[in-house]
Amino acid sequence: MAITVKALQKTGPEEPFRVAEIERRDPRPDDVVIDIRAAGICHSDIHTVRNEWGEVDFPLVVGHEIAGVVSAVGADVTDWKVGDRVGVGCLVDSCGECVECLADQEQNCLRGNVGTYNSTDVDGTITQGGYAEKVVVNERFVLRIPDGLDFDVAAPLLCAGITTYAPLNRWGAGEKKAGAPKKVAVLGLGGLGHMGVQIAAAMGAEVTVLSRSRKKEQLAIDLGAERMLATTDEDFFSEHRGEFDLILNTISADIPVDAYLRLLAPRGVMAVVGLPPSKQELGFGSLIGGGKVLAGSNIGRIAETQEMLDFCAEHGIAAQIETIDIAEADSTYDRVVAGEVYFRAVIDIASLTAAEAVPAN
């Protein structure tokens, strides 16, 4: 039978959060039920509920940075047991049969993967995310959280961690170039960027943070960067032309793409993980000159996500967070947009459990 849980819900883009009862689907034989302990606030959550990425099926519960404990497993589940420390990221299912799924590229499922929220689930309902007491997930999309990672700092890794790890891994941030570490620039030092700095540094890269100002310079260095450069300096683009092997672009704002591509060395790569609200202009000359690559990256494979979690535990990498009560969710959204959260806000689900809820429809 369906499971009724409390959740932090939006009923419209301009409406405040409310605590409501929602129903999770009846667990199938290959499902895992997870008691959620912590849920990260991703900027994608904000874009979604504010209808900035298209119309949303309200009422909706968002959240795809989920950490908790297994409380029940289906009869066919073999890899998970009650009490396991686990996480869930941006996906909760895929077809499992297309060429992309068979290649362990579930995020690119050709039949359409099932997102953790605002997506059509296997039973035809709209998926509801992790700002809730429990979640029901297909066993293939459950990740093991290493003992060295607390739930609150592990939760943001399920999106921010894999979103930055995947392109850094794919484009060889840890490889040597002429016997020296690769020069990696991280564009932006927010929720994604602060993870990119830590991961690239742990991979062995020489890391530079690019930002509009140097006000976060000490934070960047503390996270593992060699230096921070201000992109607003008068001679910035001319002084650093051809300097970097890889640029990880984490910002969701309009930028002069051509100018940043000229910062790349020949055969260099700009990997884009930030999604601006408008189209960006690009002159092909900045790509053709030097044979450079402009690449996109969207989260990562499930197996790679587990690899990332293990890597972070091994290297002592964690999201830099502030923990909030559910009553602070609306104001925290505004603070995230204003760039005032350093670097990830995480909801303590215990505050949700203690709250009174509007009954399920």
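Reader: Where does F343 sit in this model?
Author: In this predicted model, F343 is placed in the loop between α11 (329-337) and β19 (344-348).

Reader: And what kind of peptide bond joins Y342 and F343, cis or trans?
Author: The bond that joins Y342 and F343 is cis, with omega at about 5°. For background, most peptide bonds are trans, and most residues other than glycine have a negative phi.

Reader: What about the bond from F58 to P59, and where is P59 found?
Author: The peptide bond from F58 to P59 is cis, its omega being near -5°, and P59 belongs to the loop between α1 (43-49) and β4 (66-73).

Reader: Staying with the backbone, what is the phi of A178, and is that residue buried or exposed?
Author: A178 has a phi near 55°, which is a positive value in a residue other than glycine. The residue lies in the loop between β10 (176-177) and β11 (180-181), and it counts as exposed because its relative accessibility is 86%, where exposed means over 50%.

Reader: And R267, where is that one placed?
Author: R267 is in strand β16 (residues 264-272), and its phi is positive, about 70°, although it is not a glycine. At 65% relative accessibility, R267 counts as exposed.

Reader: Switching to rings: how many aromatic pairs does the count come to?
Author: The count comes to six aromatic pairs. One of them is formed by F236 and F237, an edge-to-face pair with 4.9 Å centre to centre and 80° between the planes.

Reader: Which geometry does the pair of F237 and Y260 have?
Author: F237 and Y260 form an edge-to-face pair, with 5.0 Å centre to centre and 85° between the planes. This pair links distant parts of the chain, 23 residues apart, with F237 in helix α7 (residues 236-239) and Y260 in helix α8 (residues 257-261). Y260 counts as buried, at 6% relative accessibility.

Reader: Which residues cluster with F17, and what sits over its ring?
Author: F17, Y131 and Y333 form one aromatic cluster, and the charged end of K10 sits over the ring of F17, 4.6 Å from its centre. There is also R85, whose charged end sits over the ring of F151, 4.5 Å from its centre.

Reader: How many residues are in the largest nonpolar core?
Author: The largest nonpolar core has 99 residues, and those with the most contacts inside it are Y131 and L168. Strand β3 (residues 31-41) gives the most to this core, seven residues. Another core, of 15 residues, lies apart from it, with L187, V257, L263 and M270 among them.

Methods
Residues are numbered from 1 along each chain as its sequence is written. This is a predicted model: local features need pLDDT of at least 70, side-chain atom pairs count only at pLDDT 80 or more; totals for chains, interfaces and linings use all residues. Side-chain values use heavy atoms; hydrogens and water are left out. Rings of Phe, Tyr and Trp (its six-membered ring) pair if their centres lie within 6.5 Å; planes under 30 degrees apart count as stacked, over 60 as edge-to-face and the rest as tilted. Helices (H or I, at least four residues) and strands (E, at least two) are DSSP runs, numbered from the N terminus. Buried means under 20% relative accessible area, exposed over 50%, partly exposed in between (1.4 Å probe, protein chains only). A charge sits over a ring if NZ of Lys or CZ of Arg is within 6 Å of the ring centre and within 35 degrees of the ring normal. A nonpolar core is a set of buried Ala, Val, Leu, Ile, Met, Phe, Trp, Tyr and Cys residues joined through side-chain atoms within 4.5 Å.
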